[in-house]
Amino acid sequence: MNVRLAKREDRPVLRRLFAETVRAINATDYSAEQVEAWASVPVDLEGCPDRLGSRSVFVAELGCEILGFTTFDTDGHLDHLYVHHRFQKHGVASALLLKIEEEAVSRGINRIFTDASITARPFFENVGFRLINQRTVVVN
Ligand SMILES: CC(C)(COP(=O)(O)OP(=O)(O)OC[C@H]1O[C@@H](n2cnc3c(N)ncnc32)[C@H](O)[C@@H]1OP(=O)(O)O)[C@@H](O)C(=O)NCCC(=O)NCCS
């Protein structure tokens, strides 16, 4: 598996992967109405491909297939972390997180934070994140 910065031509693939993952994976923890509201949120890929903005977008790929992606902001905010439903629990998110940690170190960012879904909370706790607050997000 290779982790690299996203290219412009990856954008449609990432948007599709996001919507499909929400519908296939998060549907376990959220209602059909919540899932549809979430899956139709536009993915903010600012920083892809030029990385000039405050956001870096990384993809994990195997051969020419994208398995997952993440977005990371210069304030330490890990916004998106989505793994294709066919490649869950194969270490894809861990590989993306490792890249983010390297990025954080190279940019002098000493705190990484996220707004985790109910689905992703066990993953984040497993890798050392801890819950600070619980909140409800309104989308669409
Ligand atoms: C959360 C998510 C990104 C994890 O991706 P992944 O590639 O399956 O995670 P990994 O394979 O790297 O898992 C790493 C570790 O976390 C554990 N883990 C992953 N998901 C888990 C879950 N739902 N419950 C418990 N443990 C989990 C794995 O078992 C593994 O543990 P191990 O190293 O001890 O074996 C993925 O499930 C996903 O795309 N979820 C839907 C989208 C989502 O909610 N994203 C977050 C948006 S806020």
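## An exposed lysine in a loop

At 86% relative accessibility, Lys89 counts as exposed, because the cut-off for that word is over 50%. This value, like everything else in this report, comes from a predicted model. Lys89 sits in the loop that runs between β4 and α3.

The backbone of Lys89 is worth a look too. Most residues other than glycine have a negative phi. Lys89 has a positive phi of about 55°, although it is not a glycine. Lys89 is also one of the residues that come nearest to the ligand, so let us go there next.

## Around the ligand

Which residues come nearest to the ligand? Of the 21 residues around the ligand, they are Gln88, Lys89, Gly91, Ser94 and Ser117.

Some backbone atoms also pair up with the ligand. A backbone N or O atom of Ala93 is 2.9 Å from an oxygen atom of the ligand, and a polar backbone atom of His90 is 3.3 Å from a ligand oxygen. With Thr119, the ligand atom is a nitrogen, 3.5 Å from a polar backbone atom of that residue. On its own, the ligand has 920 Å² of accessible area, and the protein covers 75% of this.

Helix α3 covers residues 92-106, which makes 15 residues. From its first C-alpha to its last, α3 reaches 22 Å, close to the 21 Å expected at 1.5 Å a residue.

Which residues of α3 are buried? They are Val92, Ala93, Leu96, Leu97, Ile100, Glu103 and Ala104. Seen down the axis of α3, these buried residues fall within an arc of 125°, so they line one face of the helix.

What covers the buried residues of α3? The cover includes the strands β1 (2-5), β2 (55-62), β3 (65-73) and β4 (77-83), together with helix α4 (121-126). Just after α3 ends, Gly108 takes a positive phi of about 70°.

## Helix α2 and its cover

Helix α2 spans residues 32-39. Its buried residues are Val35, Ala37, Trp38 and Ala39. Among the elements that cover them are α1 (11-24) and β4.

## Two residues in strands

His77 belongs to strand β4. Is His77 buried or exposed? Its relative accessible area is 14%, so His77 is buried, the cut-off being under 20%. Leaving aside neighbours within four places in sequence, His77 is in contact with Thr71, Phe72, Phe113, Thr114 and Asp115.

Leu62 has its place in strand β2. Not counting residues up to four places away in sequence, Leu62 touches Met1 and Leu67. Asp44 is 18 residues from Leu62 along the chain, and the C-alpha atoms of the two are separated by 24 Å.

## After helix α4

Our last stop is Asn140, in the segment after α4. Asn140 is not a glycine, yet it has a positive phi of about 50°. With a relative accessible area of 72%, Asn140 is exposed.

Key: Residues numbered from 1 in each chain as written. Predicted model: local features only at pLDDT ≥ 70, side-chain atom pairs only at ≥ 80, totals over all residues. Heavy atoms only, no water. Helix = DSSP H or I, 4+ residues; strand = E, 2+ residues; numbered from the N terminus. Expected span 1.5 Å × (residues − 1). Buried < 20%, exposed > 50% of the residue type's maximum accessible area, 1.4 Å probe, protein only. Arc of directions from axis to C-beta. Contact = heavy atoms within 4.5 Å. Near = heavy atom within 4 Å. Polar contact = N/O pair within 3.5 Å; in protein donor to acceptor, adjacent residues only side chain to side chain. Areas by Shrake-Rupley, 256 points an atom, 1.4 Å probe, with all protein chains shown as cover.
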